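Keep the structure open beside you as you read.

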Amino acid sequence: MSAPRVENFVNGVWKVPHSGNRFESRNPAHPGEVIGTFPESGQADIDEAVSAATGAFEGWRALGLVKRAEYLLKVAYYMEADLDPMARILAREAGKQINEARADIVEAVHTAQYAFAYGHIGQYGRVMGDEVATKRCYEILEPRGVVVAITPWNFPVALPFWLTGLSLVLGNCVILKPSEYTPMCGAKIAGWFEKAGIPPGVFQVVQGAGETVGASLVAHPKTHVVLFTGSYEVGLKIKMEVAKHANKVCTIETGGKNAVLVMEDANLEMAVTAGILSAFKTSGQRCVTGGRMLVDDKVIDRFRERFVETAKRIKVGDPLDESAFYGTMINPQGVEKGKRFNELARKEGFQVLLDRNNEPPPTPDGYWLRPFVYTGAWRNTSTVLTEEAFSPHVAIVPVRGLEQAVSVYNDTRFGLSGAIITEDYRKAKYAEEHMECGIFYWNLPCIGAGVRLPFGGVKQSGNLIPSAAGLLPVLTHPKAVTYNLDTKIVMAQGLSAEIK
Ligand code: NAD
């Protein structure tokens, strides 16, 4: 069977790119399998999408919050109905194990439902008092216009919804540029919006490479908001481009070097479970992956032993295998980067506790990496301890007590997520207050996102505007409105209204 040809979704129809150029998406577990071919979009396709979004904006905005929200509920319904077949597509395209693939879609469903609920509550501003009692003051949240959402491959359904759900409900039109590694997931999202009858131009998907299509959408004079999730290096480029446009805003959600802190009083079984989930889910390819276990030296021997024993048992397997724990890396570059970090850990003098990469791969040509665990004292000059490996590569580092654990946690350029495992709520409270991160967990792994919460980091993990439920400030412009209910003009602050 030949691979499907899937087009851009522009102005309500599936459009062949003007250039005719295409690219392929392949299954990382079986790279010979082509998932589909997709448009390598050019400037003409981008201009067309931006012009359709600009044209659709006034009508979409005029529809009002509640009616707009109803589209998101329909989309959630279609997504839910498609859960199992879609999870298989996601697992085949992104290499995520099938249970993780399902969770990705469930998160998208919940995010769409959240966006619907937000709209149905119907609040889009505040009524305020004024020192002149006959004045009525409002703050009304106005949509900004055309939102560009640029997403990574690792949450190819959930993440586009974090960025588009509230954007649409609040009255913006959205152009999604999915990762070039998961274009089929992006196209399926467009399919759900099409089925829901979204008006032409309100939600569009333009496929292609980041450096061309992504960069052009960011620089386009008629786009108003850029919502980016991906690597720090690309995020920084986007922020610099956006800075050239006075009337454009952006959020950048980037990487991390996250950690699980294990205190001397921790429930060790819980600590090991939290550590394994943090280090190895999605093959370590999550922004919130815990690449560092910072363990009190009083319990480190017991923790290390149990952690390594558990890591030895983890089943790395075909993403469609229900019994596997994690699937593939996304591409050969991901494998190369992981291997480079593993080698570097040796070169930097760390003791390797486990390297399963000599085991036979689940498929001969797939992109696999197995767990790699090492240990050694903290040094902030070490690359492997401070930089994002984005692979199943984890360090177990001894610390002495809570304060040192927190100070080691803080000693990198990132600040995305962190967890502490302790039975002592005072320690948890101290960690919550002193760990420099945007996402904090107590007695949980440092992965996972709640759709009703903001999601974002501090330091070089983002630009301090969280994503998901935290997006409100960039998706709308608060307009200050004042009505005079009096028959004469009375000014505030004692300013005279008398004309002399
Ligand atoms: P990436 O930065 O390579 O790509 C992300 C997106 O940006 C893709 O759609 C890509 O096509 C596009 N892009 C690339 N160059 C561009 C440019 N010059 N202009 C505009 N767009 C461009 O990231 P990736 O490999 O897909 O994902 C992995 C990274 O994402 C990791 O660093 C991970 O930590 C991070 N991530 C962060 C979060 C978060 O919420 N903080 C969530 C998931 C992933």
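Predicted model: local features only at pLDDT ≥ 70, side-chain atom pairs only at ≥ 80, totals over all residues.

T328 sits in the loop that runs between α10 (300–313) and α11 (332–347). Is T328 buried or exposed? With a relative accessible area of 1%, T328 counts as buried, because that value falls under the 20% cut-off. Leaving aside residues up to four places away in sequence, T328 touches P28, A29, A94, G95, S283, Q285, P319, Y367 and W368.

Now to the spaces. The structure holds three cavities of 30 Å³ or more.

| Space | Volume | Lining by class |
|---|---|---|
| Largest cavity | about 90 Å³ | three nonpolar, seven polar and three charged residues |
| Second largest cavity | about 50 Å³ | eight nonpolar, two polar and no charged residues |
| Second largest pocket | about 190 Å³ | six nonpolar, three polar and four charged residues |

For the second largest cavity, the lining consists of T111, Y114, A115, F161, W162, G165, L166, V451, A468 and A469. Two elements, α4 (98–121) and α5 (158–169), each give two or more residues to this lining. Which of them supplies the largest share? That is α5, with four residues.

The second largest pocket also has a lining of 13 residues, with E24, S25, R26, Y181 and I330 lying nearest its centre. Strand β3 (residues 22–27) gives the most to this lining, namely four residues. Both domain 1 (8–254 + 462–480) and domain 2 (258–442) take part, as the lining draws at least three residues from each.

Finally, have a look at helix α7, which covers residues 210–219. Its buried residues are V213, G214, S216, L217 and V218. An α-helix has 3.6 residues a turn, so residues three or four places apart point the same way.

Conventions
Residues numbered from 1 in each chain as written. Heavy atoms only, no water. Buried < 20%, exposed > 50% of the residue type's maximum accessible area, 1.4 Å probe, protein only. 1 Å grid on protein atoms, 1.4 Å probe; cavity = no way out; pocket = protein on both sides within 12 Å on 5 of 7 lines; lining within 4 Å. Points joined across faces, edges and corners; volume = space filled by probe spheres on them. Nonpolar A, V, L, I, M, F, W, Y, C, P; charged D, E, K, R; others polar. Contact = heavy atoms within 4.5 Å. Domains from an automatic or database assignment.
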